[in-house]
Amino acid sequence: ILTGIFAGIVISFFRFALSEMEYLRGALYNRLWVSDWSINACWFAVLIAIAFILHKLNCIEPMAAGSGIPQVKGAILGLMKMRWLHILWVKLTAGIIGIGAGLSLGREGPSVQLGAMVAKGIAKITKKSQTKERYMMTCGAGAGLAAAFNAPLAGVMFSLEELQKNFNSSMLVCIISGCVTSDFISKNVFGLSPVFDFHLKAALPLVHYWMLILLGILLGLCGAFYNFIMLKGQDLFGAMKKIPAKYRIVFPFVVSGIVCYTLPSILAGGHAMISLITGHTLLVSTMLLLLVAKFFFSAFCFGSGAPGGIFFPLLILGAYLGAIYGTLVIQASGIPSYYLVNFITISMAGFFTA
């Protein structure tokens, strides 16, 4: 419960800071459109400066780079040593300025690592055994995800399925306690609404479930391709051995600066993209353009090693795959258009699973 309280406080602060950065970034980009070239050049200089700061932070604490989830898994298995206080402040700072500047990365990977480090800190301060420390880190990681998405069950399932990979009653009670507590903290800060607030008018009739089987096959293939591209993105930056690491991380920031003039909705996590498909009727070609652009921009940003996760962009991509598929199926079969939301939500879950 103590782990859940502190994880909820830390992640709520992280979410609040990112939302403020998103608001400031949107206001800034509106000003850039009407500014002369010198102001725009200054903004690119700021982006490059942020890239150098991130590189310096990664040098201070290399374990804070990337999403942080592989590092947490390594620490729980006893394969990695993590300096919890270093990672806590470095990950918070780097995540806020990196994602805040517009990199196509999510808050949930950092939230998992931040929650785990909060738990590790409490275990160290209270002088728990190594076994209890690992239990608490699993609990903290789930609590971090629960607070990031207002989704306690997601935090529980993630901890059991992805981090611990085993099931026992002690672990289950431990994780549920932390996740429910952190979710309670975050809901008191951000309200009771879910992060993705969809309204389903009706369940898809069983007679149309063959459409979901075809959608599942499509999502499985897309998921495999996504994993392949994400690894290739890391390989791309790893192959730039002649370019110093401090210059490599500049590339995604320069790209994000260019993207703000062309497709600003694909920046950061992707909340703007969700509002586009739920509040408007988009052409399939427009959705396809946004899907492809978000896909490769996310892979490029993640490959750079900048602190940030892929869950949020992953869910956005799943939503767009569902929207495109649903639009085509509705046009071809003549079923009511309100079933589009069903395809979007099911596709988010399916692509995330893949």
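Student: In which helix does Leu-88 lie, and is Leu-88 buried or exposed?

Tutor: In this predicted model, Leu-88 belongs to helix H4, which covers residues 84-100. Burial is read from relative accessible area, with under 20% as the cut-off; Leu-88 has 14% relative accessibility and therefore counts as buried.

Student: Which residues does Leu-88 touch, not counting residues up to four places away in sequence?

Tutor: With those neighbours set aside, Leu-88 touches Leu-114, Met-117 and Val-118. Leu-114 is 26 residues from Leu-88 along the chain, yet their C-alpha atoms are separated by 5.9 Å.

Student: Which residues touch the most other members of the largest nonpolar core?

Tutor: A nonpolar core is a set of buried residues joined through side-chain atoms. The largest one here has 99 residues, of which Phe-149, Phe-196, Phe-253, Tyr-320, Phe-343 and Ile-344 touch the most other members. H14 gives the most to this core, contributing 14 residues. Apart from it lies another core, of 6 residues, including Val-156 and Met-171.

Student: What is Phe-196 in contact with, leaving aside neighbours within four places in sequence?

Tutor: Phe-196 is in contact with Phe-149, Ile-274, Phe-312, Leu-315, Ile-316 and Met-348.

Student: How much space lies in the largest pocket, and which residues are closest to its centre?

Tutor: The largest pocket holds about 1200 Å³ of space. It is lined by 42 residues, and the closest to its centre are Phe-158, Ile-310, Phe-311, Leu-314 and Phe-352. Among the elements that give two or more residues to the lining are helix H7 (152-164), helix H14 (311-333) and helix H15 (340-353). By residue class, the lining divides into 26 nonpolar, 13 polar and 3 charged.

Terms used. Residues numbered from 1 in each chain as written. Predicted model: local features only at pLDDT ≥ 70, side-chain atom pairs only at ≥ 80, totals over all residues. Heavy atoms only, no water. 1 Å grid on protein atoms, 1.4 Å probe; cavity = no way out; pocket = protein on both sides within 12 Å on 5 of 7 lines; lining within 4 Å. Points joined across faces, edges and corners; volume = space filled by probe spheres on them. Helix = DSSP H or I, 4+ residues; strand = E, 2+ residues; numbered from the N terminus. Nonpolar A, V, L, I, M, F, W, Y, C, P; charged D, E, K, R; others polar. Core = buried A, V, L, I, M, F, W, Y, C linked by side-chain atoms within 4.5 Å. Buried < 20%, exposed > 50% of the residue type's maximum accessible area, 1.4 Å probe, protein only. Contact = heavy atoms within 4.5 Å.
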